[in-house]
Amino acid sequence: MAIAKMSHLRLVGLKRDQNKILDVLVSKGLFEARDSRDLPFDMQSGETDRFSKLKLKQSEISFALDFLKARHSFMAAALAENKRDVKKGNAQPILYTLSDENYSAARRLITKADFSDAAAREYELMQVCDDLKKLSFKLVDYSARVSELTKKSEDYAPYAAMPIKLSELHRGGDIVISMYSSRVTPQTVKSALCELPCAFELRECPTASVVLAISRRKNAAEVDKGLSALGYVKCEFNDDCTAAQMIESLTGEIDDVKKSIFELTLNALEYEKYVNDLRILYDVIELDIERAEAEQKFLKSDSAFILEGWLPERIAEATVAELEQTTDNVFVQLLAPEDRDKPPTLVENSRIVKPYEQITDMYSSPRYREIDPNPIMAIFYFLFFGIMIGDAGYGLILAIAGFVAGTRKRFDVGFKRLALLVGMGGISAIIWGVLFGGYFSIDFGENVNVAILLNPLDKPLLLLVLSIGFGILQIATGFIIKFVALCKAGKPFSAIFDCGSILLLFVALVLLAIGALPSLAPMLDIEVGFTPPAALSTMAIAFAVTGVALILVFGGRNSKNVFGKVVGGFKGLYGLVNLVSDLLSYCRLFGLCLASCAIGLAFNSLGGIIMGVPVVGYIAGAVVLCVLHVFNLALGVLSAYVHDARLQFLEFYGKFYDGGGRLFAPMGVRTKYTRYN
């Protein structure tokens, strides 16, 4: 259970055997290509034309899938609107059944046969993409036409209130008929119109006011100027119909275009039967792109190529043997990583620890030459999760739900790991729930004590001390790991001065706590069956003084001047404040456990009150209790997941873990829509 040792594979082969060699490496699922272009050989790097063509082809598939998804959503909205209109009696029902095609981001489980079948049907499926692209072009034209007609209808809308043909506004003669519109009607417009040399009619509509002015031609310019000063715009339309008639005609044309859009959508949705095949083909091409990316890292001549990459040491020899069986014209070399190399990180843990890797990956992946923190972190995460939930009933639900979901093949790896993480947290909650006597927060009465260790609501101070104790244990573990790592790195003095000094302070703190236990027992409501030796306090003081002295004297040892060395020592002492702050962070174990118990108890009291109501009380109370406890459980799980991770990231990993590694990314597993066994 550690970071797997990697081997550097270097291979020289003939170009005619390149695909066979790559097939062997990709089939292992444990080979990551490495850039060979820095090798001192006068050879060309891989070609990029194939990569560009594959990316273009993949983009066409992605466009087709997005287009189908958009048309599916459009049809769903149209059917919902039609259903509402039918209820109101304003429309006839649309006789169409929308498919149940799922456009979610979840990866679908398929077989390798499905994968091969989609690859074989590539020509047919790319033709589907081409058909959908043509439909999308028509849709763009239709949509643009709807926008154009809608804009035109909006331009005519202000004049719809006047029942006059627009062609009448532009006739010759001594009498001039003009029409004007304004979005905002001034309060004094009528009085201002009366001063103009014209007869007029003013009408209001929801979006504008309209003025129809009749004047002599010699006064037309004065009328235009006056109305313009009032914020009115002259109508320039000359259609041989009224504005209302034109709007009605435009509305009918818009409806016709929308019908065409609807029919186009129906045509597009006929291709939904290809959605899953298109998704599989997308991933087929994605793997081809991955291979093309790797080939760009190769060095090539007219007849040969050089390939480099990483693979786990445990399969390196077997892989070489298989490659040599595949072709006789190959030279393979296995090299150990050099100091300047930065190999990828492949974490190999047991099935129990595996789900906890995603917690570490959220923070930062370990570097290749760094210790894997997951096995140790998993223990603390497991314990803390259960304390924060603190109820055996909740734990049982989480364990069942988590392990059922975590073992279902239909779910993706990431979700299954999360489910298993919650399931194991449920086991921890069962253990702590039994110790705390928590069973759905049921109050068994003062005379019945079901708690084996303590009842959080009866002995909150003892729970607080327990939380701080776990904090001391985890932080001390972090410093011990750092101590060992520094010793292995050949820095024993740094291990003693930077980590050993802190560990001495922790030992002193524990000894003082043991010595003070008899005096603290009444406050904690516990019984102490032993008397600590008198020398315990003296030992604690000795450890504390030694630890402080090491920090004060050697804290600034890396400074080049005396002043820096002195200041560095005091700075190290000041850093102990942060250490106290880190310990206090573990009070969240106490707080979340207490909150979960108290909220559950309050919900039980509320349910009991409802159950006291005659006739329907028990049924209503049971429903209310279920809903409230589900809420409390969901809140508890979310809080435990987040705060537990925070303790690992800040208080634990901050003491010894650097991270910054790059996870191993083998060829042949990079898919977006599908996964297969």
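Helices (H or I, at least four residues) and strands (E, at least two) are DSSP runs, numbered from the N terminus. The model is predicted: local features need pLDDT of at least 70, side-chain atom pairs count only at pLDDT 80 or more, and totals for chains, interfaces and linings use all residues. Residues are numbered from 1 along each chain as its sequence is written, and side-chain values use heavy atoms, with hydrogens and water left out.

**Exercise 1.** Locate Thr345 and determine whether Thr345 is buried or exposed.

*Solution.* Step 1: Thr345 belongs to the loop between β12 (330-335) and β13 (347-348). Step 2: buried means under 20% relative accessible area, exposed over 50%, and partly exposed in between (1.4 Å probe, protein chains only). Step 3: Thr345 counts as buried because its relative accessibility is 1%.

**Exercise 2.** Identify the residues in contact with Thr345, leaving aside neighbours within four places in sequence.

*Solution.* Step 1: contact means heavy atoms within 4.5 Å. Step 2: with those neighbours set aside, Thr345 is in contact with Ile3, Pro366, Arg367, Tyr368, Gly661, Arg662, Leu663 and Phe664. Step 3: for Pro366, the backbone oxygen lies 2.7 Å from a polar atom of the Thr345 side chain.

**Exercise 3.** Describe the setting of Val330.

*Solution.* Step 1: strand β12 contains Val330. Step 2: Val330 counts as buried because its relative accessibility is 16%. Step 3: not counting residues up to four places away in sequence, Val330 touches Leu11, Val12, Ile21, Leu323 and Glu324. Step 4: the C-alpha atoms of Val330 and Ile352 are separated by 41 Å, and these residues are 22 residues apart along the chain.

Definitions and conventions
Polar contact = N/O pair within 3.5 Å; in protein donor to acceptor, adjacent residues only side chain to side chain.
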